[in-house]
Amino acid sequence: MPTTDPLLKVTGLTKHFPIRKGLLQRQVGAVQAVDDVTFSVQSGQTLSLVGESGCGKTTTGRMVTRLLEPTSGSILFDGRELSHLSVGQLRPLRREIQMIFQDPYSSLNPRHTVGTIVGAPFEIQGVKTPQGTKRAVQDLLELVGLNPEHYNRYPHEFSGGQRQRIGIARSLALKPRLIVADEPVSALDVSIQAQVINLLEDLQEELGLTYIVIAHDLSVVRQMSDRVAVMYLGNLVEIADGHDLYTDSRHPYTRALLSAVPIPDTSRREKRERIRLEGDVPSPIDPPPGCRFHTRCWKATDVCRTQVPPLVEIAPRHEVACHHPEDSLVAAAPAQAAAPVEDAPSGTAASGTMTA
Amino acid sequence: MTVPPTEVATPQTDALETEGPDSPKAIEGRSLTQIAWRRLKRDKVAMAGAAVLIFLILVAIFAPLIVKFLGHPPDEFHQDLVDTEMGTLGPKGAWGGISWDYLFGVEPVNGRDLFSRVVYGSRISLLIAFLATLLSVIIGSTLGIIAGYAGGWVDAVISRAMDVFLAFPLLVFAIALAGVVPDNAFGLQGNTLRVVMLVFIIGFFNWPYIGRIIRGQTLSLREREFVDAARSLGARTPRILARELLPNLVAPILVYSTLLIPSNVLFEAALSFLGVGIQPPTPSWGGMLSDAVTFYTMPHFMLFPGLAIFFTVLAFNLFGDGLRDAFDPRGR
């Protein structure tokens, strides 16, 4: 793993949506959508943010693309601080961070042709292309596997998978370095999901893209993730290399999440221990004190109810926020010792932050 | 489900048939507006309404020509056609004096040609209704889209303003205003001033009807992801409003302005009927109805301007309903 600075470094990112009531619009509370989230992404890699609905993963993605302004915390992109830039200051940076949206039926303007939609980035950013916008758009359509002749068609004339490809073409237009994909396949048929994931992987290889993929389905991101971060109720609970997280997760919540992934093989299914979580996710308006997961955790003790567990490196490149992490499933400790430990630049590990 | 492995875009619609031999490769998509237009063309009732409307507009434009060939000048007195000896001052002859010369008969007392007056009346009615609607649409769409997109206190101020305007006793205000407006104001005089005044009164107080609809539509459009997509590309607010939202609002604007026109026709007629609209001798349908009230024994006098108002309003409403169905077939 190279020890270069990460492309994106998010520290203590927090978003509280105020709840206002009454004639004077007094603030009576806040939805603590994202609370103190810290992670980083190396250039050319893929970080996946996974978690249940409402855990703040989309909010995190929207803060990174600055569709939302963080309440506090810092977003360092290629050494530049994005968290409180104004709309005007952000405009040039928009070229470098793009977003792929969840719903291909609402992310394309129904009144615009494909040519207008995919050409909009050039127009908005005032980018001149050597052979004209139309040619550039057709090249992009070809890149994502669409017929460039469909330049003058409207979104309603395409299927869901094709629409998502149009959205991907639009996000690639300005040659961004970081792409935040918000549940890029959750609205698609399973047969199309694999195609779109493969397309994203091919594009990453071809164009050297860095991805943050947001997903609620662990199996969807397994194939493409270098790092996986698990969120619960606005907190990051575990972050590890993709393979590590799937085979040797340490946080009880991650274990429960993984045990819910369907297994097609019936004989293996019977052997698996299925963890069923009791109750519902608590309200983010009034999250539980201490560890936010303690209300549903079978290992919870007094310390969980009072103290917030810090995110600590429990194994190389594997961080967990839990007072009672699960035992490693990988019995042989030497395998871990052999893992390269040359990452973790000075100063970051001390405060419980991590590098990816 | 059979999905081609590479999923190369396959046309879902029958667009192939529109490809002429002169456009061998260019694939043209069909916009939602084009689809709505095709749907509208199949709607016979709406097309009948549209035909009547086009006819009415042509009549209004070519009123002098029509009157020249089929009638007499609208302000010309023909007292020889009025029965002065009997004391009723009604027109001579059966059916209010209807003849080939006077297609709708003549007025009591003065004997003016009713046909010419109805034809000329269409000009005033349509002119005021169109201009007032245009004013309402411009104010209503602009404020509605701003209120819906901006939200917060901007939305609160504009929405409350709409409530105030809707609660305003418009008719009473119009009557009162007509009483105080002098014959000369703003460099205008006579009926020109009256027309401008009516356009402003009607247009200025009807904008909340459009404004509310546009605000509601904008509220739902604002949450669509294509707006976020534009923002994440760095689009400025005016561009988002004009290029992303407005094209999606054309349909409701068109539909509701088509439905607002007939209510403005009626309102103009009502004001003229009450004597605060267009002043005689300029013919207007409402004014003619008002004159006719005293001659209730001669129904033709009331019938023709009444029918003109009736058909105009009906045609606009049928066309507007058809337009709405064409743009939003689910809302039927």
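Me: Of the contacts in chain B with a separation of 6 or more, what share comes from residues 24 or more positions apart?

Reply: Bear in mind that this is a predicted model, where local features need pLDDT of at least 70, side-chain atom pairs count only at pLDDT 80 or more, and totals for chains, interfaces and linings use all residues. Residues are numbered from 1 along each chain as its sequence is written, while chains are lettered from A and ligands numbered from 1 in the order in which they are written. Contact here requires two C-beta atoms, placed from the backbone, to lie within 7 Å. On that basis, the share in chain B is 71%.

Me: How many helices and strands does chain B have?

Reply: Both are DSSP runs numbered from the N terminus: helices are H or I with at least four residues, strands are E with at least two. From the N terminus on, chain B runs α-α-α-α-α-α-β-β-α-α-α-α-α. The count for chain B is 11 helices and 2 strands.

Me: Which element gives the most to the side of chain B that touches chain A?

Reply: The contact draws 32 residues from chain B and 38 residues from chain A. On the chain B side, α8 (225-232) and α9 (237-273) each supply at least two residues. With 7 residues, the element that gives the most is α8(B).

Me: What is the radius of gyration of chain A?

Reply: The C-alpha atoms of chain A fill a box of roughly 65 × 60 × 40 Å along the principal axes. The radius of gyration is taken over C-alpha atoms, and the globule rule is 2.2 Å times the number of residues to the power 0.38. For 356 residues a compact globule would come out near 21 Å, which agrees with chain A at 21 Å.

Me: Which helix provides the largest share of the side of domain 1 of chain A that touches domain 2 of chain A?

Reply: An automatic or database domain assignment sets the bounds, giving domain 1 (8-96 + 176-270 + 309-337) and domain 2 (110-175) in chain A. Their C-alpha centres lie 28 Å apart, and 12 residues of domain 1 are in contact with 12 residues of domain 2. The largest share on the domain 1 side, 5 residues, comes from residues 190-207 of chain A, helix α6.

Me: In the open sheet of 4 strands in chain A, which strands stand at the edges?

Reply: Strands count as paired if DSSP finds at least two bridges between them. The sheet has the order β2-β1-β4-β5 with antiparallel pairing, and within it β1 (residues 8-21) and β4 (residues 72-77) of chain A share 5 bridges. Each edge strand has a single partner, so one side of each is left without a neighbour in the sheet; these are β2 (26-41) and β5 (80-81) of chain A.

Me: How many of the 5 residues of strand β3 of chain A are buried?

Reply: Buried means that 20 or more other C-beta atoms lie within 10 Å of a residue's own, against 12 or fewer for exposed and partly exposed in between, with C-beta atoms placed from the backbone. Thr46(A), Ser48(A) and Val50(A) cover one side of β3(A), and Leu47(A) and Leu49(A) the other. Strand β3 is largely enclosed by the rest of the structure, because the buried count is 5 of the 5.

Me: Which residue in β8(A) is the bridge partner of Leu49(A)?

Reply: β3(A) runs parallel to β8 (residues 210-215) of chain A, joined by 5 bridges. It also runs parallel to β9 (residues 227-232) of chain A over 4 bridges, where Ser48(A) stands opposite Val228(A). In β8(A), the partner of Leu49(A) is Ile214(A).
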